[in-house]
Amino acid sequence: MLDVAAPMEKPKTAGEVAQIVADAGSAGRKLEIVGGGTKRGIGAVRGADAVLSLVSLAKVIDYAPEELVLTAQPGVKLAALEKLVAAQGQMLPFEPPHLAKLLGAGGQPTLGGALAANLSGPRRIRTGAARDHFLGLQAVTGRGELVRAGGRVVKNVTGYDLSKLIAGSWGTLAVLTEVTIKVLPAPRTEVTLLMFGLDDRRAGEAMTAALRAPAEVSGTAHLPAATASRPPLGGEMAVTAIRLEGFEASVAARGDGLVTLLGRFGRVELLDAGHSREFWAHIREVEALQGGAGRLWRISVPPADGWRVGEQLGGEALYDWGGGLVWLQSEADPAQVRGVVRALGGHATLYRGEGPAFEPLSGPLATLTARVKAAFDPLGVLNPGRLGQG
Amino acid sequence: MKMPLPDAALIARKGQIVRALKRLVRGEGVVGDPAGLVPFESDGLSAYRQTPIAVVLPETTAQVAAVLAWCQANGVKVVPRGAGTSLSGGALPLQDGIVLGMAKFNRILEVDYGNRCAVVQPGVTNLAITGAVEADGFYYAPDPSSQIACTIGGNVAENSGGVHCLKYGLTTNNLLGCEIVLMSGEVVRLGGKGFDAAGYDLMGVVTGSEGLLGVVTEVTVRLLTKPQTARAMLLGFASVEAAGATVADIIGAGIIPAGMEMMDRPAIVAAEAFVGAGYPTQAEALLIVELDGPEAECAELSDHVADLAKTRGATTIRASQSEAERLAFWAGRKAAFPAVGRISPDYYCMDGTIPRRELPHVLSTITQMGLEYGLGVANVFHAGDGNLHPLILYDADKPGQLEAAEAFGADILKLCVAVGGVLTGEHGVGVEKRDLMGEMFSDVDLACQQRVKCAFDPDLLLNPGKVFPRLHRCAELGRVHVHRGATAFPELPRF
């Protein structure tokens, strides 16, 4: 965790970032890399001598709505960016969750943080993850070198796709100093279909049925009764939700088709666009499990098996991504959680509570991973211990 | 294009190498005789040919692992190959290396509609995946023009695109997992059926790595549900500028078409002469815009697109009224390359991407360059995502024309980079654009990429001579010197 006494550096240019990292390498010091600091509690950085904050690298460098690309510094706040693109009728396609409240953090999440953690919201199932919209970067590796990779256009295969590698590396390979992302037009409208009282397995079947239909579903979530009874829904029954987005006529046509298809799962109610937006913000931010005390897991599994996570581990669950993403508040032993999830072909990350956060790797994958880390950061300057692998 | 100097000692060991490989892959899986090697001498970049020491055609992951481990232990270079359709020389053999052909990995292992994915072997063709699932209403989205022949393993290596990737993404956006074998023979599984995996996104960096990091032995792809309907529109314009402005207007209206293609007049004329698709041959630019989704959506959006085109002065506006007509609209575009092949003895296809706003400037500059080189050029263009395919017309039998075409192509790619674009949108760097990498990346950038190569293949035996203009030994790249109180890494090599 954060050493409160560690001095904080706030470089204003990429060159300053490179100097700080290079100096740390020469002096054998370690750095904790932060943006808004909201995700600092996930994965403990151990033994950092200083904090390198990117809050002063917060400019939008270029935004060309008609080109569908946006280039910005990593410290730009997600909320500000969302406002900027919304003013042009566009959106961040991966619908990044902010999670500050879930994690009990005071700051505001940044674009760089969302990319470094590869965090994606409910639209992941249709539009893709953060990594899918990460087109190019400038970053400082652990060697203190300022490098560029990728490009500023939406289609590019020139050289290795280092953006993918950096996405989800949690600041352990390089410090982002500039990123280019793909943006998309925001949907004109949306509607959500709600079903009530389904058990987890049946809800999984309903979500799968919706995803197998040619309906371009852009959100599928399930809150079991215990989770649905918490704020903000405060309902009495389990809630299963399917989101459709797009042009009005299209959403209406697809909605009609799905209502018929899902009739066998019981009554289907519709949420209008405004309420639908509110509902999916709840899902994206995992609001039902905010403020809890127990361990909170983010679990990624093959979607069709999502319901088995709750069945085998108990606790309070919130299912997103058609079952592929399970937020689980559970008192189960961490080893048991990891064992169950691994057997289902997935992995678990501890977002709240004591213990190692990230899934340990083993075998050739672990040694390959260590070599990749050494390729970028041979001296272990960046976020030591964060991924639990030294 | 220069390849690394072949190692004569290795070539001299051919007999021993073939015998050793035959012990690892029994039966007909090792080709060593000169006649048998001929089909493997080249890939889709057919101006280049080299005869490898041998071709190995394994059938199991264990055989791949054994072959790679043996080659690593014996210092033998390996070029992986799918169907050999690479347009950038990604599968061009090395004279002192073997080709590892993955054609026998041709089975679809599992179709899992519950998780909307398919697990396939790398030698399965791109189109065969869709073929296996379309009766159930599914398809695999990336559709490179070679999809009838190219393999999914090759698609992973090249991160292949296609006409529908503006809306549905490249290969990398449609993968869930893969199994790769490292040069050491170690087998690593990356990803699975879930939406993300533990650890670094190594699958993300393997995708598009052009066969330099590992050999793909299994792929899990996402399956999408087929749109209910699709409608294509033909829009003719009197200028490239008007067509380009229409593209911007369409995207500005919040419409992301399933496909949005542009052809310039030489391409229109060639395609029309070849297939008679009904293209307006007087137009200076033609757009094909495909909309898909429910009928109600296609109807609404095609009206909208027609209005936008009209505002920009379109001279032709037609919407397909039947599936047959939709396919006819596409027939000319899909036949554009062979159509150009009929009007010119040879053509050379480029693949840069540019910010779309630069299109008029780039096309007029290309036309000017063509005049200077004395070579014709026809342009087809994935207009939605800015991926340009100028086809340079030349005659290889005329002395100097191939060299002129290559120089012209290099100038086009430099222009793409100069206006903020990139060298290759979907065909890969390979050998073709290798020596232009310095236009886009500094030596420090390239060294960083090459260190990733070193993490996967420290002896640089997997597909060397591709992508990187110079191969630095990994020991040299890995050096880190730290001096107390000194400036940062003064001894680090800066190339």
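Which helix of chain A does A:Gly274 lie in? Here are a few notes to read alongside the model.

1. A word on the model: it is predicted, so local features need pLDDT of at least 70 and side-chain atom pairs count only at pLDDT 80 or more, while totals for chains, interfaces and linings use all residues. Residues are numbered from 1 along each chain as its sequence is written, and chains are lettered from A and ligands numbered from 1 in the order in which they are written.

2. To settle the opening question, A:Gly274 lies in helix α9, residues 273-284 of chain A. Helices (H or I, at least four residues) and strands (E, at least two) are DSSP runs, numbered from the N terminus. A:Gly274 is exposed, with 9 other C-beta atoms within 10 Å; exposed stands for 12 or fewer such atoms, with C-beta atoms placed from the backbone.

3. Now look for the open sheet of 3 strands in chain A, ordered β1-β3-β2 with parallel pairing. Because β1 (8-9) and β2 (31-34) of chain A stand at the edges with a single partner strand each, one side of each has no neighbour in the sheet. Strands pair if DSSP finds at least two bridges between them; β2(A) and β3(A) (residues 50-53) are joined by 4. There, A:Leu31 stands opposite A:Ala50 of β3(A).

4. Chain A is assigned domain 1 (1-186 + 363-390) and domain 2 (189-352), with bounds from an automatic or database domain assignment. Their C-alpha centres lie 28 Å apart.

Methods: Buried ≥ 20, exposed ≤ 12 C-beta atoms within 10 Å, placed from the backbone.
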